[in-house]
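Please walk through this protein chain with the sequence and the 3D view side by side.

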Amino acid sequence: MSAISPRILIADDQPDVLQALQLLLKSEAYACVAVASAAEALARVRAERFDAALLDLNYRRDTTSGEEGLALIADLHRLDSGLPLIAMTAWGSIELAVRALHAGAGDFIEKPWENRRLLTVIANQTALGLARRRMEFLGAENALLRAGADAAFIADSKAMRPVLDLIRRVAPTDANVLILGENGSGKGVVARRLHAASARTQAPLIKVNMGGIPESLFESEMFGHVRGAFTDAKQDRVGRFELADGGSLFLDEIGNIPMAQQPKLLRVLEDGELERVGSSRTLKVDVRVIAATNADLDVEVASGRFRKDLLFRLNTVEIRLPPLRDRPEDLPRIAEFFLAGFAHKYQRDGLYIAPSAMRDLLGYAWPGNVRELSHVIERAVLLADAGPISGFALTPATAPVLPVAAGATLAATPDGPASTIEQAELAMVRAALEQCAGNVQKTADRLGLSRGALYRRLDKYGLRPPSG
């Protein structure tokens, strides 16, 4: 069971039944909300989040048909298909149980209930509901992570051996890990590898970009809030720590967390306790924290912008990820991996990186690291014809120059590499014009275009060749 007390809605028209169920469930650390009618049950589910609902099928003393309860189950299932519903009645039959299951119930309990069976059913249903909600939040990404977390982790170089050794030693533990490295060097990939190789792999890995959270929303995003906590809090919200309960929480760009919020994060790391905004109830969470930054946190501590005690909590183990320029042995395989992925994505068959192009890739410093290489390969796949991708021209003053076809080069824009297809096309046409001294026919031949197609592009971008 989760370290956070599951919230159970109990709906029954008999006060003694409600009282007995509340006492039983509270003794097992469940948080209970009791209502006496179907209308109240619907209203509470619309306004609050529950982990399961235990529902009587009859709410008027002169009825035993269960029709009112069956209608309630159907309504709740339509309202929240992820909420586990448990039907309960003193007038049980196989037919009624089947109808309840068809309406949306996950299980069926007869009155008088047997305590052990009731608790087993509730535990199973709340666990199932938690799994559903987590998968809804994560979508397919986490399933792909568990299925093939190592696919993009290419690390054969000497510089990566200490990283692999640390991952192997630390991943099976619950130790907090701090990943240090330049932007684009693959810190997120290492975080996914740590989670996938841990005992928490069946639970979620929740990623938070700490630089993207407004300071005013920090507590709500991280710890959650209850309905009415502030003006726009129209319903309960689960924070990132709760979503990661039992799994791992990846705090990316941790160096960007405001100083005023650091003590609040420190408290959760120290004792695993938090309160949602607007609530006085303390929740326990079991979370393994993986943090990452490109900042020098020792310098940040010395300057008073980062708490030393928070740094100590985060860097139980520290992994320093080398930049791509320090691991050239890995570059060819990484480039081929990206090429295969983007060729499949954009349905571009028959592409491969020519040996001369690979030499150019190896000769470039890659200030944007693996992320920059990914963007370069994606752009090449989009613009290349079938066959070899060649002609990567690298100069100290520009980003990589990409080809459209063998012999055709794509120059960088004045402010850096072309970042959109239109920018890339403009840079390519301009470069070809310069190389062909403005001769339209030669430029068209170089680009593999007809004269008409080239003229349309010249008109589109306002380019005027000196000769035709």
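**A walk through the predicted model**

Ser198 is buried, since its relative accessible area is 8% and buried means under 20%. This is a predicted model. To find Ser198, look in the loop that runs between α8 (187-196) and β7 (205-209). Which residues does Ser198 contact, leaving aside its neighbours within four places in sequence? They are Ala171, Pro172 and Arg288. Thr173 is 25 residues from Ser198 along the chain, and 6.8 Å separates the C-alpha atoms of the two.

Is Arg307 buried or partly exposed? Its relative accessibility is 26%, so Arg307 counts as partly exposed. Once neighbours within four places in sequence are set aside, the contacts of Arg307 are Met259, Gln262, Pro263, Leu266 and Val301. One of these contacts is Leu266.

Next come some backbone details. Most residues other than glycine have a negative phi, and most peptide bonds are trans.

Ala29 is not a glycine, yet its phi is positive, about 70°. The residue sits in the loop between α1 (15-27) and β2 (31-35). Ala29 has a relative accessible area of 44% and is therefore partly exposed.

Trp366 also has a positive phi, near 50°, and is a residue other than glycine. Its loop lies between α15 (355-362) and α16. Is Trp366 buried or exposed? With 1% relative accessibility, Trp366 counts as buried.

Lys111 and Pro112 are joined by a cis peptide bond, with omega about -10°. Pro112 belongs to the loop between β5 (107-110) and α5 (115-138).

Now turn to the helices. Two packed helices are described by the angle between their axes and the distance between the axes.

Start with helix α3 (residues 67-79) and helix α4 (residues 94-103), which pack at an angle of about 20° with their axes 8 Å apart. This angle makes α3 roughly parallel to α4, because angles under 35 degrees count as roughly parallel. The crossing of α3 past α4 is right-handed. On the α3 side, the contact is made by Glu67, Leu70, Ile73, Ala74 and His77, and on the α4 side by Leu96, Arg99, Ala100 and Ala103. Sorted by class, the residues of this contact of α3 with α4 are 6 nonpolar, 1 polar and 2 charged.

The second pair is helix α14 (residues 331-345) with helix α16 (residues 369-383), whose axes come within 9 Å and cross at roughly 45°. The two helices α14 and α16 are therefore oblique to each other. As α14 passes α16, the crossing is right-handed. From α14, the contact takes in Leu331, Ile334, Ala335, Phe338, Leu339, Phe342, Ala343 and Lys345; from α16, Val370, Leu373, Ser374, Ile377, Glu378 and Val381 take part. The classes in the contact of α14 with α16 are 11 nonpolar, 1 polar and 2 charged residues.

The contact of α18 with α19 divides into 5 nonpolar, 2 polar and 1 charged residues.

Last, step back to the whole chain. How many helices and strands does the protein chain have? There are 19 helices and 18 strands. The chain has 468 residues, and 49% of them count as buried. Its accessible surface comes to about 22200 Å², and carbon and sulfur atoms account for 51% of that surface. Among contacts in the protein chain with a separation of 6 or more, 68% come from residues 24 or more positions apart.

Terms used:
Residues are numbered from 1 along each chain as its sequence is written. This is a predicted model: local features need pLDDT of at least 70, side-chain atom pairs count only at pLDDT 80 or more; totals for chains, interfaces and linings use all residues. Side-chain values use heavy atoms; hydrogens and water are left out. Helices (H or I, at least four residues) and strands (E, at least two) are DSSP runs, numbered from the N terminus. Buried means under 20% relative accessible area, exposed over 50%, partly exposed in between (1.4 Å probe, protein chains only). Contact means heavy atoms within 4.5 Å. Accessible areas come from the Shrake-Rupley method with a 1.4 Å probe; for residues, only the protein chains shown count as cover. Axes are lines fitted to C-alpha atoms, for helices over the stretch in contact, and angles run from 0 to 180 degrees between N-to-C directions. Angles under 35 degrees count as roughly parallel, over 145 as roughly antiparallel, 65 to 115 as roughly perpendicular and the rest as oblique. A crossing is left-handed if the near helix is turned anticlockwise from the far one by less than a right angle, and right-handed if clockwise. Ala, Val, Leu, Ile, Met, Phe, Trp, Tyr, Cys and Pro count as nonpolar, Asp, Glu, Lys and Arg as charged, and the others, Gly among them, as polar.
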